[in-house]
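Thanks for making the time this morning. I would like to walk you through one model, and I will ask you to keep the sequence and the coordinates open while I talk.

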Amino acid sequence: MKETSFSLLILTAVLFLSSCSGSKKVAYFQNIDKVDLAASRGLYDAHIMPKDLLNIIVNTTDPQAAAPFNLGSGTFVGTDNQKVIGNVSALNYLVDNKGDINFPVIGKIHVGGLTKGECEDLIRNRLVPYLAKTENPVVTVRMASFHVTVAGEVRNPGVFPVTTEKMSIIEALAQAGDLTIYGKRDNVILLREKADGEKEYHRLNLNDANLINSPYYYLQQNDVLYVEPNKVQSQNSSIGNSTTLWFSFVGIVTSVASLLVNVLR
């Protein structure tokens, strides 16, 4: 009985140490009742960046009039030198490092820094001289390569596509299965590359509701969120390999002690 009690005591102590993180505050937006969210008003629009893939479709009342302005319309030669029937929605424009795309017939158009709506208006205005006066072209622009990366102390790290061209930090973390109990909620790192290639980082506190008013609440293309491990997880990782040895040692000592007790009786 004494040996069993001793083993249970050791196990309880280890479990207690590993659960210390539970005493820390883990709730998001803890002060939301005291924060003025007026600054967060307004709808978010993503801006086009270099290396974005844009899906651009032009529609007119006469399909033949729009055909020259749509990538993939008609027949083109594929990489295997075979003729392939084009699919307008399958081909995209790559924005170069200067923020330009090479548009059929029109040539280079600078779209870097524009929102989806601004890009549509720009292309529509550039099309007008090439179309009949009775035509009112409809231009649809979609970002085909919008994605964010979530890594670190989350349940399902990975790269996540953003089909709506809008994703908040909370949505990205939810896609990754949320933070584990060992993730630092008050020090999430956002890594971002600006349009000129400059890298920047920001430390964000999920416990503070002022995050909703932050300009970094909504993510941009290619943003990376990294959740740091807290001290408990860092310590666990450093002693993880020795834990098994410790339990083995305790087991051996307990067995030897039990054997000695039985022999000396």
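This is a predicted model: local features need pLDDT of at least 70, side-chain atom pairs count only at pLDDT 80 or more; totals for chains, interfaces and linings use all residues.

Residues are numbered from 1 along each chain as its sequence is written, and side-chain values use heavy atoms, with hydrogens and water left out. When I say helix or strand, I mean a DSSP run, of H or I with at least four residues for helices and of E with at least two for strands, numbered from the N terminus. Two strands count as paired if DSSP finds at least two bridges between them.

Let us begin with the sheet of three strands, which is open, has the order β4-β1-β7 and is paired in the antiparallel sense. Its edge strands are β4 and β7, each of which pairs on one side only. On one flank, β1, covering residues 53–59, is joined by two bridges to β4, residues 93–94, and these strands run antiparallel. If you want to find that contact in your viewer, leucine 53 has leucine 94 of β4 as its bridge partner, and leucine 54 stands opposite tyrosine 93. On the other flank, six bridges join β1 to β7, residues 138–143, again antiparallel, and here asparagine 55 stands opposite arginine 142.

What lies across β1 and β7? That is helix α3, residues 116–127, which runs at about 140 degrees to β7. For such angles, axes are lines fitted to C-alpha atoms, for helices over the stretch in contact, and the angle runs from 0 to 180 degrees between N-to-C directions; contact itself means heavy atoms within 4.5 Å.

Now to the sheet of five strands, which is also open, with the order β9-β8-β12-β10-β11 and mixed pairing. Because β9 (158–161) and β11 (199–204) stand at the edges with a single partner strand each, one side of each is left without a neighbour in the sheet. The twist averages 20 degrees from one strand to the next.

Within this sheet, β8, residues 147–152, pairs with β9 in the antiparallel sense over four bridges, and the two form a hairpin with five residues between them. Valine 148 has phenylalanine 160 as its bridge partner in β9, while valine 150 is partnered by glycine 158. Towards β12, residues 224–229, β8 is joined by four bridges as well, but there the strands run parallel, and alanine 151 has tyrosine 226 as its bridge partner.

How many salt bridges are there? Taking a salt bridge to be a side-chain nitrogen of Lys or Arg within 4 Å of a carboxyl oxygen of Asp or Glu, the count comes to seven.

One of them sits in helix α3, where the side chains of lysine 116 and glutamate 120 meet at 3.0 Å, N to O; being four residues apart in the helix, these two are separated by about one helical turn. For accessibility, buried means under 20% relative accessible area, exposed means over 50%, and partly exposed is in between, with a 1.4 Å probe and protein chains only. On that scale lysine 116 is partly exposed at 28%, whereas glutamate 120, at 11%, counts as buried.

The others I want to show you involve glutamate 228, which is buried with a relative accessible area of 15%. Arginine 203 forms a salt bridge with glutamate 228, the closest N and O atoms being 3.4 Å apart; arginine 203 lies in β11 and glutamate 228 in β12, so the pair ties together parts that are 25 residues apart in sequence. Lysine 184 forms a salt bridge with glutamate 228 too, with the closest N and O atoms 3.4 Å apart, and this pair links distant parts of the chain, lysine 184 being in β10 (residues 183–193) and 44 residues away from glutamate 228. Lysine 184 is partly exposed, at 26%. Taken together, Lys184, Arg203 and Glu228 are linked in a network of salt bridges.
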